[in-house]
Amino acid sequence: MSEKILAVSAGHEITEQELNELIANYPPEQQVYLSSPKAKDELLEQLIGFHLFSKLAKEKKIKESREYKETLSKMENELASHMAATGVISKVTVEDSEVKAYFDANPTQFAGQEQVKAKHILTETEEQAAKILEELKNGKEFEAAAKEYSTCPSKEKGGDLGWFGRGQMVPEFEKAAFEGKAGDLTGPVKTQFGFHLILVEEKKEAERRSFSEIKDELKEQLLTQKKQTVYMETLKELEAKYGVERKG
């Protein structure tokens, strides 16, 4: 059975196989999109244009020009250099035992982050905050007070800020929130934004990520580092072998 012909451009028959081979050159994550009818039509137009300009290049004898030959020579050298460098680092591997050893030797690097879940009410003055605090102590619901008094956009959610870790809030607010215990009502706390009443709802202690959880990510990280090390070491060896003269 003959191959299906999709178009004829400047006398060249563009087949379905040629189009599929073009798609196969793209990264896997793009191939799914490029397999859609619309994307295939767009790629087919690219192929048509490619063969039209190829025909024009032949007519103008582009390949016989000095510019073409110089550009081709430069590209050949770049490709050869790239393949030589790739050949060096492609042999680099990282064993599971290396990954585990690094994990065990660097416990703090894989520690989770302490977190706090809190709500707050923001006011412009300390007097306003103190007055609201008295209402809360007398039984007023925190969410209701936040919706009524807070100047922060979080008032629409009853002052809820959700979970946050260190470094995400201004220092004064962070200090009060992390020092408080679950259920504590703290404030007024002064920050650059005003005065806060903070209700600490829950706290999560820092937990170290497990080896199984981090293994693949860590292995890829160590592999990249190892490849870079091998590349730089090889570069020094080649410099000593072939010579380099740097002129400032």
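## Around serine 150

In this predicted model, serine 150 touches His120, Ile121, Leu122, Ala145 and Lys155, leaving aside residues up to four places away in sequence. Where does serine 150 sit in the fold? Its place is the loop between helix H7 (142-149) and strand S4 (160-165).

## Rings and charges

How many aromatic pairs does the structure hold? There are five. One of them joins phenylalanine 164 and phenylalanine 173 in a tilted arrangement, with 6.2 Å centre to centre and 55 degrees between the planes. Both partners are tucked away: phenylalanine 164 counts as buried at 2% relative accessibility, and phenylalanine 173 counts as buried at 3%. Elsewhere, ring pairs tie Tyr102, Phe103, Phe110 and Phe211 together as a cluster.

Arginine 166 has its charged end over the ring of phenylalanine 178, 4.1 Å from the ring centre. Lysine 204 lies over the face of tryptophan 163, and here the distance to the ring centre is 4.4 Å.

## Helix H3

Helix H3 covers residues 37-59, which makes 23 residues. From first C-alpha to last it reaches 33 Å, close to the 33 Å expected at 1.5 Å a residue.

Which residues of H3 are buried? They are Ala39, Leu43, Leu44, Leu47, Ile48 and His51. An α-helix has 3.6 residues a turn, so residues three or four places apart point the same way. As for partners, the buried residues of H3 pack against strand S1 (5-9), strand S2 (12-15), helix H1 (16-24) and helix H2 (28-34).

## The chain as a whole

Zooming out, the chain has nine helices and six strands. Its radius of gyration is 32 Å, well over the 18 Å that the globule rule gives for 248 residues, so the chain is more spread out than a compact globule. The C-alpha trace spans about 90 × 50 × 50 Å along its principal axes.

Buried residues make up 26% of the 248 in the chain. The accessible surface comes to about 17500 Å², with 52% of that belonging to carbon and sulfur atoms. As for contacts with a separation of 6 or more, 61% are between residues 24 or more positions apart.

Methods: Residues numbered from 1 in each chain as written. Predicted model: local features only at pLDDT ≥ 70, side-chain atom pairs only at ≥ 80, totals over all residues. Heavy atoms only, no water. Helix = DSSP H or I, 4+ residues; strand = E, 2+ residues; numbered from the N terminus. Contact = heavy atoms within 4.5 Å. Phe/Tyr/Trp six-rings, centres within 6.5 Å; stacked < 30°, edge-to-face > 60°. Buried < 20%, exposed > 50% of the residue type's maximum accessible area, 1.4 Å probe, protein only. Lys NZ or Arg CZ within 6 Å of the ring centre and 35° of its normal. Expected span 1.5 Å × (residues − 1). Rg over C-alpha atoms; globule rule 2.2 N^0.38 Å. Areas by Shrake-Rupley, 256 points an atom, 1.4 Å probe, with all protein chains shown as cover.
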